[in-house]
Amino acid sequence: MRILVVEDDAKIASFVVKGLKQEGYAVDHAPDGDTGLALTASTTYDAAVVDVMLPGLDGLSLVKRLRASRAELPVLFLSARSTVQDRIAGLQAGGDDYLTKPFAFAELSARLQALIRRATRAPEATRLKVGDVEMDLVGRVVTVAGLRVELMPREFSLLEYLLRHPNRHVTKTMILEHVWDYSFDPQTNVVDVLMHRLRGKIDPEKRRIETVRGVGYVIHGNT
Amino acid sequence: MSFTGTLNQLRHSVALRLSLWFTVLFAIGFTAVFALLYVLLGRQLEAREGEVLQLRLRQYADIYEARGLDGLDVRTEEDSYTTHGRALFVRLVARNGDVVWARVPPDWIDQDAKNVAVPDGWGGWTVRKIFSVRVPRDQEQDLAVVSAMLSDGFLLQVGRSTDNRAALLEPLRRTFIWVGSAAILVGFIVAVMAARRATRPLHQVVETARHIINTGALDARVPMPLRNDDIAELVKHFNTVLDKNAALLRSMREALDNVAHDLRTPLTSLRGSAELALTQPSMDNAARDALADCVERSDEVLRLLRALMEISEAEAGVLRLERSENDFRELTNQAVELYADVAEAKAIKLEFAPGAAVPVNVDPVRMRQAVANLIDNAIKYTPSGGAVALKLYLESGCAVLEVRDTGPGVPEAEQVRIWERLYRGDQSRSQSGLGLGLSLVRAIVMAHGGQATVRNAPERGAIFEVRLPDATNLPPAK
């Protein structure tokens, strides 16, 4: 898997490149739009992360040109602008997803993975299994170590989201968006409360779901 | 618009007032000109008639002098058969007033006989007939009479009924009635049109100002009037003020955007580097804690930055709202759902009984956030075992949301201040949060043209109220 990162801010580019390499991707970095466009002409990528505001050729124009020549490459936009208009402009230019700065790396990684999965058209699973936690999405049944557990709809939704990202970090923002369809931070941490309840039902000893302070949660498959 | 509304608008319309004044003046002028014309024409006719009669009088006098009474009789007989001209009344009167001879035109009532009792020479009464000549038809018609003393001492009188004049002037009067009213009507219509035309730029100024206030569309301008008059100057200056205003707001928005961008970029890399380091398995706990602090603090700063930006933008009136038709009930329900678990964990009863749909034209994301912040605030200040109850209803067109808690309430002195930025009442010192939640609520509600207030419940706790203006009368979503 080869990924192109087009980002002019050296520090952001550095942690994104480093993080993606850690996840096992091959990564190329272009500091401006023109270099990025030149790289896409010579190399085949599986996905691109493109900052909207770039010196020279900006991100939107870059993706428009890219779409004119090669339509397949999934593109994730990064932007410091968060209004709906900006988001729409990004998607209209041919972007597949749009992430607003500041973002958690875990979220960038999860969205990129989703884009690549969508592009390769992997079939949707009907059963999820991580370690001894199993979920039947059709029958909406959850078993832990073979024992059936009754979950409330929101608990089910949270667990499903964790199971879809095994051994990966999932941030509170991502959970908020997935479970409640919310895109802002409520002041009280509603995610903590829900996680506490879910843990009480499937993981009282905190072996399966790990809390990584400052990052989020990981569900481990090797318990 | 209702009838009274239209009436009210008309009463305040400069155009209508101008046209009414114009019409009144026009009517007065028109009537005056006509009256003058009428009088002059009447005089002229009278003079002409007098001349004609004088001419006849001299003719008849000459004939009488030349050929005597018989000659006059024959001549007047002949004259009365001529088709042109009106028959004349001619008579000879003696010095003592007795009528010697008379010719009365055929259309006059010749003789009006009346039997009158008069005393006779023998002390008794006798009935005699009194004859009088009456002017034809009605009394309105005058009699024009000229007379001349003849050489034998008789007075020759020639008269004519003036219905000739009346016959000419009467149609003129009638014509005036309908021509006059038609002219005044046309004058009024023309005046209304002209006044409307003249005041159209004023209406456009008002409309544009209203549009900008309602929708925040700063690019709206008043179209320049075609003529280059003083109203055009007003429009020009008004547009210039709008331009300057828009430029100021634009630069302010850009400045805010730039500040936000300049802060977000380094914070993103700070947060990203720390986050990435945290995912490294080989790390001692002290470093891990420090990095986690970095991430959490930068999240806090970012949250603060975002809230401050939103509040500043809303207070400056440049907050971009993505308005659409929404059911307030649905938005409230979603916010309630978000806090359902939190409330349960704190053993607080979170109640919301959705009633009928409450249509509002709002930015759903922001309004939901405002409601969420109110619930968050209520839960924070309500002790375990208490209740937070939400009530949503329509009151005279306004959508009203009440969030009632069973907390300690808000002291009267603080009821205004709690909406201020970063203000925190004494009781909340121990609570977490940035003190921006309620400011953000107020900023969002005010950006929607609504009001956010707080009061204490008579029994216990505070009631926060959000009131959104007439839901049905909002401008369409832009």
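This is a predicted model: local features need pLDDT of at least 70, side-chain atom pairs count only at pLDDT 80 or more; totals for chains, interfaces and linings use all residues.
**Strand pairs, a sheet and a chain contact**

Me: How many bridges join strand β10 (residues 209–212) of chain A to strand β11 (residues 216–219) of chain A?
Reply: Residues are numbered from 1 along each chain as its sequence is written, with chains lettered from A and ligands numbered from 1 in the order written. The two strands (DSSP E runs of at least two residues; helices are H or I runs of at least four, all numbered from the N terminus) pair up, as DSSP finds at least two bridges between them. They run antiparallel, and the count of bridges is four.

Me: Which residue in the hairpin of β10(A) and β11(A) takes a positive phi?
Reply: A:Thr211 stands opposite A:Tyr217 in β11(A). Three residues lie between the strands, and the one with a phi near 85° is A:Gly214.

Me: On the side of chain A that touches chain B, which element gives the largest share?
Reply: The contact (C-beta atoms, placed from the backbone, within 7 Å) takes 33 residues from chain A and 37 from chain B. On the chain A side, two or more residues come from each of α1 (10–22) and α8 (190–202). The largest share, six residues, belongs to α1(A).

Me: Are α1(A) and α4(B) roughly parallel or roughly antiparallel?
Reply: Among the residues that meet here are A:Phe15 and A:Gly19 in α1(A), and B:Gly272 and B:Leu276 in α4(B). Helix α4 covers residues 230–278 of chain B, and the two axes (lines fitted to C-alpha atoms, for helices over the stretch in contact; angles run from 0 to 180 degrees between N-to-C directions) are 8 Å apart at about 25°. Angles under 35 degrees count as roughly parallel, over 145 as roughly antiparallel, 65 to 115 as roughly perpendicular and the rest as oblique. So the pair is roughly parallel.

Me: Which strands stand at the edges of the five-strand sheet in chain B?
Reply: The sheet is open, with mixed pairing and the order β8-β10-β11-β13-β12. From one strand to the next, the twist averages 15°. Each edge strand has a single partner, so one side of each lacks a neighbour in the sheet; they are β8 (349–352) and β12 (451–456).

Me: Which residue in β13(B) does B:Asn456 stand opposite?
Reply: β12(B) and β13 (residues 462–468) of chain B run antiparallel, joined by six bridges. Opposite B:Asn456 stands B:Ala462.

Note on methods. Two residues are in contact if their C-beta atoms, placed from the backbone, lie within 7 Å.
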